[in-house]
Structures are given as structure tokens and as C-alpha cells.
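Subject: Structure handover

Hello,

Here is the structure for you to look over. My notes follow below it.

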Amino acid sequence: MKKIVLILAVGLMTLGLQAQDKKAAITFETDVIDYGDVAHGSDGTREFKFTNTGDAPLVISKAYSTCGCTVPSPPKDPIAPGNTGVIKVKYDTNRSPGPIRKTITVYTNASAEPYTLKIKGTLLPATN
């Protein structure tokens, strides 16, 4: 009888440990968006698409850019396992013409380390 109780106790502890191993995971379709040549004053909004490839809800706690000209908008609600989401990025195209090279840093519950997304392209001069 003691052996049966011991086996059941070990089995229940193993199930409890496996339940704690559930973790979110984020997989981006791409981590770089190339705007190409962008007309001055045009729509600078693009989307980074991702999937929660883990087995726990994915929460994006923070997404930011070091430049005020690039504003990321992550989803506010958790993303269920297997579901997809987008982080919208708006680049201000009313700036001085030239190369676009910006980085977006994304913090999630999937990793202690942040994810790095990039946008690139060339902003064309305004036409009169």
C-alpha cells in the first residue's frame, strides 16, 4: 500500500512540474521591414506580424524606439498559444529626406531578453 501511495505522490509532483513548464514563445515573420523608397508625407505605418508558438499566453509588456519619429503600437491583450498578432510601427515621413534606420525594442514574457526589430528604407525629398 505504501508503494502505491508513493507512486501516486511522485506522479502528481511530476504533473505539477510539467504544468509549470508552460511558456509563451514569439516567432516573427520577419524582424526587418524594408520600406524601400518612401515618398515624403506618405503613410509610414507598417506591421510586424508574429505568432505565439509557445503553450502559454504571450504578453507584450513594452515596445519602444529610441527615436520619437518611430512609434510602435503593440497589442494590449495577451495572445493565446497558436494565435497571431501584429506590432504596428508608424514612421514619421514628414522629416528630412535620407536613409531610414530605426530599431524597435520589444519586451515580452517569452524571454528575459528583449527582441529587436528594425525598419529601413530611404525617405525621398518633398516634391513641390
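Which residues does Thr105 touch, not counting residues up to four places away in sequence? They are Lys62, Ala63, Tyr64, Pro114 and Tyr115. Contact here means heavy atoms within 4.5 Å.

Some ground rules. This is a predicted model: local features need pLDDT of at least 70 and side-chain atom pairs pLDDT 80 or more, while totals for chains, interfaces and linings use all residues. Residues are numbered from 1 along each chain as its sequence is written, and side-chain values use heavy atoms, with hydrogens and water left out.

Thr105 and its strand
Thr105 sits in strand 7 (residues 98-108). Strands are DSSP runs of E, at least two residues, numbered from the N terminus. Thr105 has a relative accessible area of 13%, so it is buried. The classes are buried under 20%, exposed over 50% and partly exposed in between (1.4 Å probe, protein chains only).

Strand pairing
Strand 6 (residues 84-91) pairs with two strands listed here. Two strands pair if DSSP finds at least two bridges between them. Strand 3 (residues 45-52) runs antiparallel to strand 6, with 7 bridges. Strand 5 (residues 70-73) is also antiparallel to strand 6, over 4 bridges. Lys90 of strand 6 is the bridge partner of Thr45, and Val71 stands opposite Lys90 too. The covered face of strand 6 holds Gly85, Ile87, Val89 and Tyr91. Its uncovered face holds Thr84, Val86, Lys88 and Lys90.

Aromatic rings
Rings of Phe, Tyr and Trp (its six-membered ring) pair if their centres lie within 6.5 Å; planes under 30 degrees apart are stacked, over 60 edge-to-face, the rest tilted. The count is 4 aromatic pairs. Tyr64 and Tyr107 have ring centres 6.3 Å apart and planes at 15°, so this pair is stacked. Tyr64 is in strand 4 (residues 60-65) and Tyr107 in strand 7, so the pair ties together parts 43 residues apart in sequence. Tyr64 is partly exposed at 31%, and Tyr107 is partly exposed at 29%. Phe28, Phe50 and Tyr115 form one aromatic cluster.

Nonpolar core
A nonpolar core is a set of buried Ala, Val, Leu, Ile, Met, Phe, Trp, Tyr and Cys residues joined through side-chain atoms within 4.5 Å. The largest has 24 residues. Phe48, Phe50, Ile87 and Ile119 have the most contacts inside it. Strands 1 (26-28), 2 (32-38), 3, 4, 6, 7 and 8 (115-123) each supply at least two of its residues.

Best wishes
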